[in-house]
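Student: Could you take me through the aromatic ring pairs in this model, and then through the helix packing around them?

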Amino acid sequence: MRHFNPSSKREERAVQAWQILVGAAMNRQTLTYKLLSIKMFQKEASGVLDKTLGHIAFYCDDYNLPALTSIVVGKKRGTPGHDIPLNSERFDQAREEVYDFDWYDIYPPSAKELLQSFKSNV
């Protein structure tokens with residue numbers, strides 16, 4: 001059985017983040033970058049999530065899915081990071097779209113699919 005570990009590639013970590021975000025979205029929860037990093041790395045490492053979440057953001061955009069990464073917010077700001085490809089005036093609306101979407105009805109993306117979306121958008 002495979003596990004996520006310190007040597008996991010960024011696109012593999014994006015698969016891990018996808019699972020966590022879908023669970024949160026289906027429960028109408030937001031996560032701070034700090035909390036997400038603790039769930040993923042068992043320590044605070046929020047500064048390394050930008051490209052990992054970028055894989056998910058671009059995938060959602062490519063496939064016309066709600067902006068799943070919009071439910072990850074800064075502790076003090078309460079809004080998604082500056083690198084999230086989303087108009088800041090739409091944060092609340094985007095979050096509601098994420099909560100209203102049935103994420104359990106679609107197959108999750110593979111690491112390869114997430115990487116492909118990331119590479120085609122950066």
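Tutor: Ring pairs link Trp18, Tyr59, Tyr63, Phe101 and Trp103 into a cluster, where rings of Phe, Tyr and Trp (its six-membered ring) pair if their centres lie within 6.5 Å. This is a predicted model, in which local features need pLDDT of at least 70 and side-chain atom pairs count only at pLDDT 80 or more, while totals for chains, interfaces and linings use all residues. Residues are numbered from 1 along each chain as its sequence is written, and side-chain values use heavy atoms, with hydrogens and water left out.

By the ring rule there are five aromatic pairs. The rings of tryptophan 18 and tryptophan 103 have centres 5.7 Å apart and planes at 85 degrees, so this pair is edge-to-face (planes under 30 degrees apart count as stacked, over 60 as edge-to-face and the rest as tilted). Both tryptophan 18 and tryptophan 103 are buried, that is, under 20% relative accessible area, with exposed over 50% and partly exposed in between (1.4 Å probe, protein chains only). The rings of phenylalanine 58 and phenylalanine 118, with centres 6.0 Å apart and planes at 55 degrees, form a tilted pair. Phenylalanine 58 counts as buried at 16% relative accessibility, and phenylalanine 118 likewise at 15%.

Turning to the packing, Trp18 in helix 1 is among the residues that meet helix 3, where Tyr59 is one of the partners; contact here means heavy atoms within 4.5 Å, and helices are DSSP runs (H or I, at least four residues), numbered from the N terminus.

Methods. Helix = DSSP H or I, 4+ residues; strand = E, 2+ residues; numbered from the N terminus.
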